[in-house]
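Trainee: Please put the structure up, and we can go through it by question and answer.

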Amino acid sequence: MALIKCKECGKQFSDMAEACPNCGYNPTRAKDKALGLKPKGERKSKAVALLLTFFLFWAGGDHFYLGNIGTGVIVLIASGISVVIGLYEFVLFGVALIACINFLRIACMSSADFDQTYNKEK
């Protein structure tokens with residue numbers, strides 16, 4: 001445990017503390033803010049995106065979660081129409097193929113790249 005100097009008020013505080021007890025400066029939050037990222041509680045999770053891609057690919061669940069609403073609606077409509085007209089084997093094969101590509105893309109993406117892509121402040 002060491003003492004670090006606060007960049008806001010200049011007083012020293014423990015490096016184990018989440019924020020400066022004098023002024024409330026949080027070094028982690030300041031770093032995220034400098035990178036333009038959303039606060040931790042509002043961020044999208046890479047694990048949740050992978051699970052949605054794996055289990056709800058047919059409904060566009062991963063697209064809705066990651067903010068690609070238009071693509072999610074297209075996938076959902078294509079899946080629904082294909083079931084109604086009886087071509088679900090062909091359309092869902094195409095949707096599943098795209099989902100496999102998205103799954104691999106997200107799985108191979110580093111956490112920093114995922115944050116920069118999906119967790120930026122608008």
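Trainee: Which helix does Ile85 lie in?

Mentor: This is a predicted model, in which local features need pLDDT of at least 70 and side-chain atom pairs count only at pLDDT 80 or more, while totals for chains, interfaces and linings use all residues. Residues are numbered from 1 along each chain as its sequence is written, and side-chain values use heavy atoms, with hydrogens and water left out. Helices (H or I, at least four residues) and strands (E, at least two) are DSSP runs, numbered from the N terminus. On that numbering, Ile85 lies in helix H4.

Trainee: Is Ile85 buried or exposed?

Mentor: Buried means under 20% relative accessible area, exposed over 50%, and partly exposed in between (1.4 Å probe, protein chains only). Ile85 has a relative accessibility of 56%, so the residue counts as exposed.

Trainee: What distance separates the C-alpha atoms of Ile85 and Gly36?

Mentor: Along the chain, Ile85 and Gly36 are 49 residues apart. Their C-alpha atoms are separated by 46 Å.

Trainee: Which element gives the largest share of the nonpolar patch?

Mentor: Patches are made of residues with over 30% relative accessible area and no salt bridge, where like charges are joined within 9 Å and nonpolar side chains (Val, Leu, Ile, Met, Phe, Trp, Tyr) within 5 Å. Members of the nonpolar surface patch include Phe64, Ile69, Ile85 and Phe90, and the patch has about 960 Å² of accessible area together, by the Shrake-Rupley method with a 1.4 Å probe, only the protein chains shown counting as cover for residues. Seven residues, the largest share, come from helix H4 (residues 69-85).

Trainee: How does Phe64 count by relative accessibility?

Mentor: Phe64, also in the patch, lies in helix H3 (residues 61-65). Its relative accessibility is 31%, so Phe64 counts as partly exposed.

Trainee: How many disulfides does the structure hold?

Mentor: A disulfide is a pair of cysteine sulfur atoms within 2.5 Å. The sulfur of Cys23 has its closest cysteine sulfur in Cys6, at 3.5 Å, which is too far for a bond. Cys108 is in no disulfide either, as the nearest cysteine sulfur, that of Cys100, is 13 Å away. The number of disulfides is zero.

Trainee: Which element gives the most to the lining of the largest cavity?

Mentor: On a 1 Å grid over the protein atoms alone, a cavity is a set of points where a 1.4 Å probe fits but cannot get out, and lining residues have an atom within 4 Å of a point. About 50 Å³ of space lies in the largest cavity, and its lining includes Phe57, His63, Val95 and Asn102. H3 and helix H5 (88-108) are the elements that give two or more residues to this lining. With four residues, the most comes from H5.

How values were computed: A salt bridge is a side-chain nitrogen of Lys or Arg within 4 Å of a carboxyl oxygen of Asp or Glu. On a 1 Å grid over the protein atoms alone, a cavity is a set of points where a 1.4 Å probe fits but cannot get out, and a pocket is an open set with protein on both sides within 12 Å along at least five of seven lines; lining residues have an atom within 4 Å of a point. Grid points are joined across faces, edges and corners, and a volume is the space filled by probe spheres set on the points.
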